[in-house]
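Good morning, colleagues. Please have the viewer open, as I shall refer to individual residues throughout.

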Amino acid sequence: MEITATALSLITAAAVIMIFSFRRLSRGRRRLPPGNLGLPFIGETLQLIAAYKTDNPEPFIDERVGRYGSIFTTHVFGEPTVFSADPEVNRFMLLNEGKLFDCSYPGSISNLLGRHSLLLMKGSLHKKMHSLVMSFANSAIIRDHLLLDIDRLVRLNMKSWSDRILLMEEAKKITFELTMKQLLSLDPCEWTEGLRKEYVLVIEGFFTLPFPIFSTTYRRAIQARTKVADALGLVVRQRRKEHEEGEKKSDMLGALLSSEEGAFSDEQIVDFLVSLLVAGYETTSTLMTLAVKFLTETPAALAQLKEEHEAIRAKKSSADALEWSDYKSMPFTQCVINETLRVGNIIGGIFRRTMEDVNVKGYTIPKGWKVFASLRAVHLDQHHFEDARAFNPWRWQKKSGAAMPGNVFTPFGGGPRLCPGYELARVSLSVFLHRMVTNFSWGTAEDDKLVFFPTTRTQKRYPIVLQRRQSSESN
Ligand code: HEM
(Lines give C-alpha, C1' and ligand atoms only; values in the text may rest on other atoms or scores of the structure.)
Protein backbone atom coordinates (compact mmCIF):
# COMPACT_ATOMS: atom_id res chain seq x y z
CA MET A 1 0.00 0.00 0.00
CA GLU A 2 2.75 2.36 1.12
CA ILE A 3 4.75 1.62 -2.01
CA THR A 4 1.72 2.31 -4.21
CA ALA A 5 1.10 5.63 -2.47
CA THR A 6 4.76 6.65 -2.86
CA ALA A 7 4.75 5.64 -6.52
CA LEU A 8 1.55 7.63 -7.09
CA SER A 9 2.96 10.75 -5.48
CA LEU A 10 6.17 10.41 -7.54
CA ILE A 11 4.16 10.06 -10.74
CA THR A 12 2.02 13.08 -9.85
CA ALA A 13 5.09 15.15 -8.99
CA ALA A 14 6.76 14.16 -12.27
CA ALA A 15 3.60 15.04 -14.20
CA VAL A 16 3.39 18.47 -12.57
CA ILE A 17 7.08 19.17 -13.26
CA MET A 18 6.71 18.08 -16.88
CA ILE A 19 3.60 20.19 -17.47
CA PHE A 20 5.17 23.26 -15.87
CA SER A 21 8.49 23.00 -17.62
CA PHE A 22 6.73 22.48 -20.95
CA ARG A 23 4.53 25.56 -20.34
CA ARG A 24 7.44 27.67 -19.13
CA LEU A 25 9.51 26.78 -22.16
CA SER A 26 6.62 27.38 -24.52
CA ARG A 27 5.54 30.71 -23.03
CA GLY A 28 8.93 32.23 -22.45
CA ARG A 29 11.46 33.54 -24.88
CA ARG A 30 12.29 29.94 -25.77
CA ARG A 31 9.41 28.52 -27.73
CA LEU A 32 9.47 24.74 -28.00
CA PRO A 33 8.10 23.06 -31.11
CA PRO A 34 4.43 22.22 -30.41
CA GLY A 35 3.55 18.74 -29.21
CA ASN A 36 2.50 16.57 -26.33
CA LEU A 37 4.70 15.05 -23.63
CA GLY A 38 2.17 12.30 -22.91
CA LEU A 39 2.11 10.44 -19.58
CA PRO A 40 4.67 10.91 -16.81
CA PHE A 41 7.84 8.83 -17.30
CA ILE A 42 6.61 6.82 -20.28
CA GLY A 43 5.50 9.85 -22.30
CA GLU A 44 4.28 8.64 -25.70
CA THR A 45 6.60 5.60 -25.84
CA LEU A 46 3.76 3.07 -25.91
CA GLN A 47 1.99 4.93 -28.72
CA LEU A 48 5.25 4.94 -30.68
CA ILE A 49 5.86 1.22 -30.24
CA ALA A 50 2.23 0.31 -31.02
CA ALA A 51 2.27 2.50 -34.13
CA TYR A 52 5.37 0.91 -35.61
CA LYS A 53 4.00 -2.58 -35.09
CA THR A 54 1.47 -1.87 -37.81
CA ASP A 55 2.47 -2.07 -41.47
CA ASN A 56 1.85 1.62 -42.09
CA PRO A 57 5.38 2.92 -42.43
CA GLU A 58 5.14 6.24 -40.63
CA PRO A 59 2.04 6.30 -38.39
CA PHE A 60 3.46 7.97 -35.30
CA ILE A 61 5.03 10.83 -37.22
CA ASP A 62 2.23 11.23 -39.81
CA GLU A 63 -0.36 11.77 -37.10
CA ARG A 64 1.70 14.38 -35.26
CA VAL A 65 2.88 16.17 -38.40
CA GLY A 66 -0.82 16.49 -39.30
CA ARG A 67 -1.57 17.97 -35.87
CA TYR A 68 1.52 20.11 -35.13
CA GLY A 69 3.57 20.52 -38.31
CA SER A 70 6.82 18.97 -39.50
CA ILE A 71 8.74 19.64 -36.29
CA PHE A 72 7.13 18.64 -33.01
CA THR A 73 7.87 17.74 -29.40
CA THR A 74 7.12 14.40 -27.78
CA HIS A 75 8.48 12.27 -24.92
CA VAL A 76 9.81 8.81 -25.77
CA PHE A 77 12.17 6.27 -24.15
CA GLY A 78 12.42 8.24 -20.95
CA GLU A 79 13.03 11.78 -22.19
CA PRO A 80 11.52 14.69 -24.08
CA THR A 81 12.48 14.56 -27.74
CA VAL A 82 11.98 16.86 -30.71
CA PHE A 83 11.08 15.01 -33.92
CA SER A 84 11.76 16.49 -37.33
CA ALA A 85 10.14 15.43 -40.59
CA ASP A 86 11.53 18.51 -42.30
CA PRO A 87 14.40 17.98 -44.78
CA GLU A 88 16.01 21.36 -44.03
CA VAL A 89 15.98 20.77 -40.28
CA ASN A 90 17.34 17.24 -40.77
CA ARG A 91 20.15 18.55 -42.92
CA PHE A 92 20.90 21.25 -40.34
CA MET A 93 21.16 18.55 -37.64
CA LEU A 94 23.42 16.31 -39.69
CA LEU A 95 25.74 19.10 -40.84
CA ASN A 96 26.07 20.56 -37.34
CA GLU A 97 27.16 17.27 -35.78
CA GLY A 98 29.88 18.03 -33.23
CA LYS A 99 28.99 21.74 -33.18
CA LEU A 100 25.35 22.05 -32.09
CA PHE A 101 24.43 18.36 -31.95
CA ASP A 102 26.19 15.26 -30.72
CA CYS A 103 25.47 11.64 -31.46
CA SER A 104 23.58 9.93 -28.67
CA TYR A 105 22.85 6.26 -28.01
CA PRO A 106 21.16 4.73 -24.95
CA GLY A 107 23.60 3.25 -22.41
CA SER A 108 22.39 -0.27 -23.19
CA ILE A 109 23.52 0.12 -26.83
CA SER A 110 26.81 1.83 -25.96
CA ASN A 111 27.72 -1.15 -23.73
CA LEU A 112 27.23 -3.53 -26.62
CA LEU A 113 29.15 -1.34 -29.05
CA GLY A 114 32.13 -0.87 -26.74
CA ARG A 115 33.43 2.52 -25.63
CA HIS A 116 35.93 2.85 -28.50
CA SER A 117 33.33 2.33 -31.19
CA LEU A 118 33.38 4.71 -34.16
CA LEU A 119 29.68 5.31 -33.60
CA LEU A 120 30.41 6.77 -30.17
CA MET A 121 33.65 8.61 -30.96
CA LYS A 122 33.65 12.38 -30.99
CA GLY A 123 35.89 15.27 -32.03
CA SER A 124 39.16 14.97 -33.88
CA LEU A 125 39.60 11.24 -33.21
CA HIS A 126 36.19 10.62 -34.80
CA LYS A 127 37.18 12.71 -37.83
CA LYS A 128 40.41 10.77 -38.30
CA MET A 129 38.83 7.34 -37.85
CA HIS A 130 35.84 8.18 -40.03
CA SER A 131 38.14 9.05 -42.90
CA LEU A 132 40.15 5.89 -42.29
CA VAL A 133 36.98 3.84 -42.85
CA MET A 134 36.01 5.99 -45.82
CA SER A 135 39.38 5.24 -47.39
CA PHE A 136 38.72 1.54 -46.86
CA ALA A 137 35.39 1.40 -48.57
CA ASN A 138 35.89 3.88 -51.41
CA SER A 139 35.35 3.14 -55.10
CA ALA A 140 39.03 2.45 -55.89
CA ILE A 141 39.39 -0.13 -53.10
CA ILE A 142 36.11 -1.80 -54.05
CA ARG A 143 37.08 -1.83 -57.73
CA ASP A 144 40.62 -3.16 -57.20
CA HIS A 145 40.09 -5.52 -54.25
CA LEU A 146 36.66 -6.02 -52.80
CA LEU A 147 34.52 -6.56 -55.90
CA LEU A 148 36.14 -9.88 -56.69
CA ASP A 149 35.63 -11.12 -53.12
CA ILE A 150 32.04 -9.92 -53.04
CA ASP A 151 31.25 -11.76 -56.27
CA ARG A 152 33.06 -14.91 -55.12
CA LEU A 153 31.38 -15.04 -51.71
CA VAL A 154 27.91 -14.32 -53.11
CA ARG A 155 28.34 -17.17 -55.62
CA LEU A 156 29.74 -19.53 -53.01
CA ASN A 157 26.73 -18.94 -50.77
CA MET A 158 24.19 -19.22 -53.57
CA LYS A 159 25.69 -22.55 -54.65
CA SER A 160 24.69 -24.03 -51.30
CA TRP A 161 21.09 -22.75 -51.35
CA SER A 162 18.31 -25.33 -51.25
CA ASP A 163 15.03 -24.83 -53.12
CA ARG A 164 13.41 -23.09 -50.12
CA ILE A 165 15.29 -20.47 -48.14
CA LEU A 166 14.75 -17.67 -45.67
CA LEU A 167 16.23 -14.91 -47.77
CA MET A 168 16.96 -12.59 -44.85
CA GLU A 169 19.01 -15.30 -43.10
CA GLU A 170 21.01 -16.07 -46.24
CA ALA A 171 21.61 -12.36 -46.89
CA LYS A 172 22.90 -11.97 -43.32
CA LYS A 173 25.30 -14.86 -43.76
CA ILE A 174 26.64 -13.37 -46.99
CA THR A 175 27.01 -9.93 -45.43
CA PHE A 176 28.84 -11.29 -42.38
CA GLU A 177 31.28 -13.22 -44.56
CA LEU A 178 31.92 -10.17 -46.76
CA THR A 179 32.66 -8.06 -43.70
CA MET A 180 35.02 -10.68 -42.23
CA LYS A 181 36.94 -10.67 -45.50
CA GLN A 182 37.08 -6.91 -45.69
CA LEU A 183 38.07 -6.39 -42.06
CA LEU A 184 40.33 -9.36 -41.35
CA SER A 185 41.03 -11.09 -44.71
CA LEU A 186 39.32 -14.19 -43.36
CA ASP A 187 37.45 -16.59 -45.64
CA PRO A 188 34.37 -18.41 -44.31
CA CYS A 189 35.37 -21.32 -42.06
CA GLU A 190 34.22 -23.01 -38.86
CA TRP A 191 35.77 -20.22 -36.79
CA THR A 192 33.96 -17.42 -38.66
CA GLU A 193 30.69 -19.37 -38.45
CA GLY A 194 31.14 -19.81 -34.67
CA LEU A 195 31.81 -16.09 -34.35
CA ARG A 196 28.73 -15.31 -36.41
CA LYS A 197 26.53 -17.32 -34.05
CA GLU A 198 27.74 -15.32 -31.05
CA TYR A 199 27.52 -12.11 -33.01
CA VAL A 200 23.87 -12.74 -33.86
CA LEU A 201 23.15 -12.82 -30.10
CA VAL A 202 24.89 -9.46 -29.71
CA ILE A 203 22.77 -7.97 -32.49
CA GLU A 204 19.58 -9.26 -30.84
CA GLY A 205 20.57 -7.24 -27.76
CA PHE A 206 20.47 -4.01 -29.78
CA PHE A 207 16.84 -4.50 -30.59
CA THR A 208 15.41 -5.37 -27.22
CA LEU A 209 13.73 -2.58 -25.36
CA PRO A 210 16.40 -0.76 -23.35
CA PHE A 211 15.61 -2.28 -19.95
CA PRO A 212 18.70 -4.42 -19.35
CA ILE A 213 17.79 -5.56 -15.84
CA PHE A 214 14.62 -7.27 -17.03
CA SER A 215 15.77 -8.59 -20.40
CA THR A 216 17.29 -12.06 -20.79
CA THR A 217 18.03 -11.23 -24.43
CA TYR A 218 20.07 -8.25 -23.34
CA ARG A 219 22.02 -10.19 -20.71
CA ARG A 220 22.73 -12.95 -23.26
CA ALA A 221 23.90 -10.26 -25.69
CA ILE A 222 26.37 -8.88 -23.16
CA GLN A 223 27.82 -12.38 -22.61
CA ALA A 224 28.06 -12.94 -26.36
CA ARG A 225 29.74 -9.52 -26.75
CA THR A 226 32.48 -10.71 -24.37
CA LYS A 227 32.95 -13.91 -26.40
CA VAL A 228 33.10 -11.97 -29.68
CA ALA A 229 35.59 -9.51 -28.17
CA ASP A 230 37.76 -12.39 -26.87
CA ALA A 231 37.75 -14.14 -30.25
CA LEU A 232 38.57 -10.95 -32.15
CA GLY A 233 41.16 -10.07 -29.51
CA LEU A 234 43.04 -13.32 -30.30
CA VAL A 235 43.12 -12.43 -34.01
CA VAL A 236 44.30 -8.90 -33.24
CA ARG A 237 47.14 -10.17 -31.01
CA GLN A 238 48.28 -12.69 -33.61
CA ARG A 239 48.13 -10.13 -36.41
CA ARG A 240 49.97 -7.53 -34.31
CA LYS A 241 52.80 -10.02 -33.86
CA GLU A 242 52.93 -10.71 -37.60
CA HIS A 243 52.70 -6.97 -38.31
CA GLU A 244 55.70 -6.28 -36.08
CA GLU A 245 57.60 -9.00 -37.91
CA GLY A 246 56.92 -7.18 -41.18
CA GLU A 247 53.99 -9.23 -42.49
CA LYS A 248 51.42 -6.56 -43.38
CA LYS A 249 48.00 -7.22 -44.84
CA SER A 250 45.99 -4.64 -46.73
CA ASP A 251 42.73 -5.03 -44.84
CA MET A 252 41.01 -2.87 -42.21
CA LEU A 253 42.88 -4.53 -39.35
CA GLY A 254 46.18 -3.91 -41.16
CA ALA A 255 45.27 -0.22 -41.45
CA LEU A 256 44.36 -0.02 -37.76
CA LEU A 257 47.62 -1.69 -36.73
CA SER A 258 49.61 0.82 -38.83
CA SER A 259 47.53 3.81 -37.74
CA GLU A 260 48.91 6.18 -35.07
CA GLU A 261 52.20 4.25 -35.30
CA GLY A 262 50.63 1.20 -33.75
CA ALA A 263 49.37 3.11 -30.71
CA PHE A 264 45.83 1.67 -30.67
CA SER A 265 45.33 -0.89 -27.93
CA ASP A 266 43.80 -4.31 -28.64
CA GLU A 267 40.61 -3.20 -26.88
CA GLN A 268 40.34 -0.08 -29.07
CA ILE A 269 40.81 -2.11 -32.22
CA VAL A 270 38.28 -4.77 -31.18
CA ASP A 271 35.63 -2.13 -30.37
CA PHE A 272 36.31 -0.48 -33.69
CA LEU A 273 35.95 -3.75 -35.61
CA VAL A 274 32.71 -4.56 -33.77
CA SER A 275 31.26 -1.16 -34.72
CA LEU A 276 31.98 -1.82 -38.40
CA LEU A 277 30.42 -5.27 -38.19
CA VAL A 278 27.33 -3.83 -36.53
CA ALA A 279 26.95 -0.91 -38.95
CA GLY A 280 27.12 -2.98 -42.12
CA TYR A 281 25.45 -6.25 -41.14
CA GLU A 282 21.74 -5.65 -40.52
CA THR A 283 21.63 -2.76 -42.99
CA THR A 284 23.10 -4.43 -46.07
CA SER A 285 21.29 -7.74 -45.51
CA THR A 286 17.96 -5.93 -45.08
CA LEU A 287 18.65 -3.95 -48.23
CA MET A 288 19.22 -7.21 -50.15
CA THR A 289 16.02 -8.76 -48.79
CA LEU A 290 13.84 -5.72 -49.41
CA ALA A 291 15.12 -5.27 -52.96
CA VAL A 292 14.07 -8.85 -53.77
CA LYS A 293 10.73 -8.37 -52.02
CA PHE A 294 9.90 -5.13 -53.85
CA LEU A 295 10.99 -6.61 -57.18
CA THR A 296 8.90 -9.74 -56.63
CA GLU A 297 5.89 -7.50 -56.02
CA THR A 298 6.69 -5.41 -59.13
CA PRO A 299 7.10 -7.90 -62.02
CA ALA A 300 7.74 -5.21 -64.68
CA ALA A 301 10.72 -3.93 -62.68
CA LEU A 302 12.01 -7.48 -62.16
CA ALA A 303 11.76 -8.17 -65.91
CA GLN A 304 13.67 -4.99 -66.77
CA LEU A 305 16.33 -5.79 -64.20
CA LYS A 306 16.75 -9.32 -65.60
CA GLU A 307 17.18 -7.89 -69.07
CA GLU A 308 19.94 -5.57 -67.87
CA HIS A 309 21.82 -8.39 -66.16
CA GLU A 310 21.36 -10.92 -68.93
CA ALA A 311 22.87 -8.40 -71.34
CA ILE A 312 25.94 -8.21 -69.10
CA ARG A 313 26.17 -12.01 -68.82
CA ALA A 314 25.76 -12.40 -72.59
CA LYS A 315 29.07 -10.59 -73.10
CA LYS A 316 30.95 -12.91 -70.75
CA SER A 317 31.56 -16.62 -70.45
CA SER A 318 29.36 -18.18 -67.79
CA ALA A 319 32.15 -18.58 -65.20
CA ASP A 320 33.55 -15.03 -65.59
CA ALA A 321 33.59 -12.85 -62.49
CA LEU A 322 31.92 -9.46 -62.50
CA GLU A 323 34.18 -6.53 -63.24
CA TRP A 324 33.99 -2.85 -62.39
CA SER A 325 32.93 -2.01 -65.96
CA ASP A 326 29.98 -4.44 -65.51
CA TYR A 327 28.99 -2.70 -62.28
CA LYS A 328 29.14 0.61 -64.13
CA SER A 329 26.74 -0.66 -66.79
CA MET A 330 23.79 -1.30 -64.47
CA PRO A 331 21.79 1.95 -64.66
CA PHE A 332 18.40 0.38 -63.93
CA THR A 333 19.87 -1.58 -61.01
CA GLN A 334 20.95 1.74 -59.49
CA CYS A 335 17.35 2.99 -59.83
CA VAL A 336 16.13 -0.17 -58.06
CA ILE A 337 18.68 0.38 -55.27
CA ASN A 338 17.68 4.03 -54.78
CA GLU A 339 14.04 3.13 -54.69
CA THR A 340 14.61 0.26 -52.22
CA LEU A 341 16.53 2.63 -49.97
CA ARG A 342 13.79 5.27 -50.26
CA VAL A 343 10.78 3.02 -49.65
CA GLY A 344 12.52 0.55 -47.30
CA ASN A 345 14.17 3.13 -45.05
CA ILE A 346 16.45 0.72 -43.32
CA ILE A 347 17.69 3.49 -41.03
CA GLY A 348 14.41 5.31 -40.36
CA GLY A 349 16.07 8.25 -38.67
CA ILE A 350 18.94 9.51 -36.58
CA PHE A 351 19.05 10.50 -32.91
CA ARG A 352 21.20 13.38 -31.72
CA ARG A 353 21.45 15.49 -28.55
CA THR A 354 21.66 19.29 -28.52
CA MET A 355 24.96 20.65 -27.16
CA GLU A 356 23.44 24.10 -26.49
CA ASP A 357 20.07 25.81 -26.97
CA VAL A 358 19.42 25.49 -30.69
CA ASN A 359 17.11 27.73 -32.74
CA VAL A 360 15.36 26.17 -35.71
CA LYS A 361 12.39 27.45 -37.68
CA GLY A 362 11.45 29.97 -34.98
CA TYR A 363 11.59 27.38 -32.17
CA THR A 364 14.20 26.74 -29.50
CA ILE A 365 15.30 23.24 -28.59
CA PRO A 366 16.87 23.39 -25.12
CA LYS A 367 20.43 22.24 -24.46
CA GLY A 368 20.73 18.52 -23.66
CA TRP A 369 17.49 17.55 -25.39
CA LYS A 370 17.16 14.58 -27.69
CA VAL A 371 16.29 15.26 -31.31
CA PHE A 372 15.30 12.77 -33.98
CA ALA A 373 15.79 13.52 -37.67
CA SER A 374 13.32 11.25 -39.45
CA LEU A 375 14.78 10.28 -42.82
CA ARG A 376 11.79 8.04 -43.51
CA ALA A 377 9.21 10.82 -43.08
CA VAL A 378 10.98 12.86 -45.76
CA HIS A 379 11.45 9.90 -48.12
CA LEU A 380 7.74 9.09 -47.91
CA ASP A 381 6.50 12.68 -48.21
CA GLN A 382 4.24 13.29 -51.22
CA HIS A 383 5.68 16.83 -51.53
CA HIS A 384 9.06 15.42 -52.47
CA PHE A 385 8.16 12.18 -54.24
CA GLU A 386 5.02 11.71 -56.30
CA ASP A 387 2.94 8.73 -55.12
CA ALA A 388 5.62 8.48 -52.46
CA ARG A 389 4.59 5.18 -50.88
CA ALA A 390 4.70 3.21 -54.14
CA PHE A 391 7.83 1.31 -55.23
CA ASN A 392 8.57 2.90 -58.58
CA PRO A 393 12.23 2.57 -59.64
CA TRP A 394 11.51 4.36 -62.92
CA ARG A 395 11.11 7.64 -61.02
CA TRP A 396 14.92 7.70 -60.71
CA GLN A 397 15.35 7.55 -64.48
CA LYS A 398 13.63 10.92 -64.71
CA LYS A 399 15.29 12.50 -61.72
CA SER A 400 18.56 14.17 -62.61
CA GLY A 401 20.77 15.39 -59.77
CA ALA A 402 19.67 18.96 -60.51
CA ALA A 403 15.96 18.11 -60.36
CA MET A 404 16.18 16.78 -56.82
CA PRO A 405 17.49 18.81 -53.89
CA GLY A 406 20.24 16.85 -52.11
CA ASN A 407 18.52 16.91 -48.73
CA VAL A 408 15.35 14.96 -49.58
CA PHE A 409 17.10 11.65 -50.28
CA THR A 410 19.50 10.83 -47.47
CA PRO A 411 19.37 7.07 -46.75
CA PHE A 412 23.03 7.18 -45.69
CA GLY A 413 22.74 10.27 -43.48
CA GLY A 414 25.11 13.16 -44.11
CA GLY A 415 27.67 15.54 -42.63
CA PRO A 416 30.60 14.28 -40.54
CA ARG A 417 28.86 10.97 -39.85
CA LEU A 418 27.87 10.20 -43.43
CA CYS A 419 27.81 6.43 -43.77
CA PRO A 420 31.31 5.35 -44.87
CA GLY A 421 29.85 2.11 -46.25
CA TYR A 422 27.43 3.66 -48.76
CA GLU A 423 29.33 2.63 -51.88
CA LEU A 424 30.12 -0.81 -50.50
CA ALA A 425 26.44 -1.42 -49.75
CA ARG A 426 25.45 -0.39 -53.29
CA VAL A 427 28.09 -2.60 -54.91
CA SER A 428 27.24 -5.58 -52.68
CA LEU A 429 23.57 -5.29 -53.58
CA SER A 430 24.32 -4.89 -57.30
CA VAL A 431 26.40 -8.08 -57.31
CA PHE A 432 23.81 -9.90 -55.23
CA LEU A 433 21.01 -8.91 -57.62
CA HIS A 434 23.12 -9.86 -60.63
CA ARG A 435 23.69 -13.38 -59.32
CA MET A 436 20.13 -13.67 -58.05
CA VAL A 437 18.39 -12.84 -61.34
CA THR A 438 20.84 -14.66 -63.60
CA ASN A 439 20.90 -17.83 -61.46
CA PHE A 440 17.36 -18.19 -60.18
CA SER A 441 13.66 -17.77 -60.69
CA TRP A 442 11.75 -17.52 -57.43
CA GLY A 443 8.41 -16.96 -55.78
CA THR A 444 7.31 -16.17 -52.25
CA ALA A 445 6.74 -19.25 -50.08
CA GLU A 446 4.45 -17.48 -47.61
CA ASP A 447 2.92 -14.04 -47.24
CA ASP A 448 5.33 -11.85 -45.38
CA LYS A 449 4.96 -8.24 -44.42
CA LEU A 450 7.23 -5.36 -43.62
CA VAL A 451 7.47 -4.19 -40.02
CA PHE A 452 9.26 -1.12 -38.74
CA PHE A 453 9.95 -1.69 -35.08
CA PRO A 454 12.46 -2.08 -33.57
CA THR A 455 14.06 -2.25 -37.03
CA THR A 456 12.83 -2.34 -40.60
CA ARG A 457 12.53 -5.99 -41.62
CA THR A 458 10.09 -8.57 -42.92
CA GLN A 459 8.24 -10.41 -40.21
CA LYS A 460 9.05 -13.97 -41.39
CA ARG A 461 12.57 -13.32 -42.77
CA TYR A 462 11.17 -13.54 -46.30
CA PRO A 463 10.76 -17.26 -47.16
CA ILE A 464 11.07 -17.94 -50.90
CA VAL A 465 11.05 -20.99 -53.16
CA LEU A 466 13.80 -21.06 -55.76
CA GLN A 467 14.35 -22.67 -59.11
CA ARG A 468 17.88 -22.79 -60.42
CA ARG A 469 18.06 -21.62 -64.02
CA GLN A 470 19.76 -24.09 -66.37
CA SER A 471 22.29 -21.56 -67.60
CA SER A 472 23.38 -20.94 -64.00
CA GLU A 473 25.37 -24.17 -63.46
CA SER A 474 28.80 -22.54 -63.43
CA ASN A 475 27.78 -18.99 -62.44
C1 HEM B 1 21.90 -0.38 -46.67
C2 HEM B 1 23.06 -0.17 -46.16
C3 HEM B 1 23.39 0.95 -45.21
C4 HEM B 1 22.61 1.99 -44.77
C5 HEM B 1 21.16 2.33 -45.13
C6 HEM B 1 23.42 2.75 -43.85
C7 HEM B 1 23.01 3.92 -43.24
C8 HEM B 1 23.79 4.66 -42.38
C9 HEM B 1 23.40 5.92 -41.79
C10 HEM B 1 22.06 6.62 -42.00
C11 HEM B 1 24.43 6.33 -41.00
C12 HEM B 1 24.50 7.64 -40.24
C13 HEM B 1 24.29 7.44 -38.75
C14 HEM B 1 24.42 8.74 -37.99
O15 HEM B 1 24.50 9.82 -38.59
O16 HEM B 1 24.44 8.69 -36.75
C17 HEM B 1 25.46 5.32 -41.08
C18 HEM B 1 26.65 5.37 -40.38
C19 HEM B 1 27.60 4.41 -40.47
N20 HEM B 1 27.65 3.36 -41.36
FE21 HEM B 1 26.20 2.82 -42.64
N22 HEM B 1 24.65 2.14 -43.73
C23 HEM B 1 24.67 1.05 -44.56
C24 HEM B 1 25.72 0.18 -44.77
C25 HEM B 1 26.95 0.28 -44.17
C26 HEM B 1 28.07 -0.59 -44.43
C27 HEM B 1 28.12 -1.73 -45.46
C28 HEM B 1 29.06 -0.21 -43.60
C29 HEM B 1 30.42 -0.85 -43.52
C30 HEM B 1 31.52 -0.21 -43.66
C31 HEM B 1 28.58 0.91 -42.82
C32 HEM B 1 29.29 1.58 -41.85
C33 HEM B 1 28.82 2.67 -41.16
C34 HEM B 1 29.55 3.29 -40.05
C35 HEM B 1 30.88 2.82 -39.48
C36 HEM B 1 28.78 4.38 -39.63
C37 HEM B 1 29.10 5.33 -38.48
C38 HEM B 1 29.78 6.55 -39.01
C39 HEM B 1 30.11 7.52 -37.93
O40 HEM B 1 29.46 7.54 -36.87
O41 HEM B 1 31.05 8.27 -38.15
N42 HEM B 1 27.29 1.18 -43.20
N43 HEM B 1 25.06 4.33 -41.94
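I shall discuss the nonpolar core, then one annotated cysteine, and finally the shell around the ligand. Please bear in mind that this is a predicted model.

Let me begin with the core. The largest nonpolar core comprises 110 residues. Those with the most contacts inside this core are Ile-150, Val-228, Leu-273, Leu-287, Ala-291 and Leu-429. Helix H12, spanning residues 266-296, provides the largest share of this core, namely 17 residues. As for Leu-429, its contacts, not counting residues up to four places away in sequence, are Leu-287, Met-288, Ala-291 and Ile-337.

I now turn to the cysteine. An unreviewed UniProt entry lists Cys-419 under "binding site". Cys-419 lies in the loop between helix H17 (395-398) and helix H18 (422-439). Is Cys-419 buried or exposed? Cys-419 is buried, because 20 other C-beta atoms lie within 10 Å, and the criterion for a buried residue is 20 or more. Leaving aside neighbours within four places in sequence, Cys-419 is in contact with Phe-412 and Gly-413.

That brings me to the ligand. There are 25 residues around the ligand, and those that come nearest are Ala-279, Gly-280, Gly-413, Cys-419 and Gly-421. Which helix gives the most to this shell? The answer is H12, with 7 residues. Helix H6 (123-136), H12 and H18 each supply at least two residues. By class, the shell contains 17 nonpolar, 7 polar and 1 charged residues.

Methods:
Residues are numbered from 1 along each chain as its sequence is written. This is a predicted model: local features need pLDDT of at least 70, side-chain atom pairs count only at pLDDT 80 or more; totals for chains, interfaces and linings use all residues. A nonpolar core is a set of buried Ala, Val, Leu, Ile, Met, Phe, Trp, Tyr and Cys residues joined through C-beta atoms within 7 Å. A residue is buried if 20 or more other C-beta atoms lie within 10 Å of its own, exposed if 12 or fewer, and partly exposed in between; C-beta atoms are placed from the backbone. Helices (H or I, at least four residues) and strands (E, at least two) are DSSP runs, numbered from the N terminus. Two residues are in contact if their C-beta atoms, placed from the backbone, lie within 7 Å. UniProt positions are given in the numbering used here, feature names are shortened, and annotations may be inferred rather than shown by experiment. A residue is near a molecule or strand if its C-beta atom, placed from the backbone, lies within 6 Å of it. Ala, Val, Leu, Ile, Met, Phe, Trp, Tyr, Cys and Pro count as nonpolar, Asp, Glu, Lys and Arg as charged, and the others, Gly among them, as polar.
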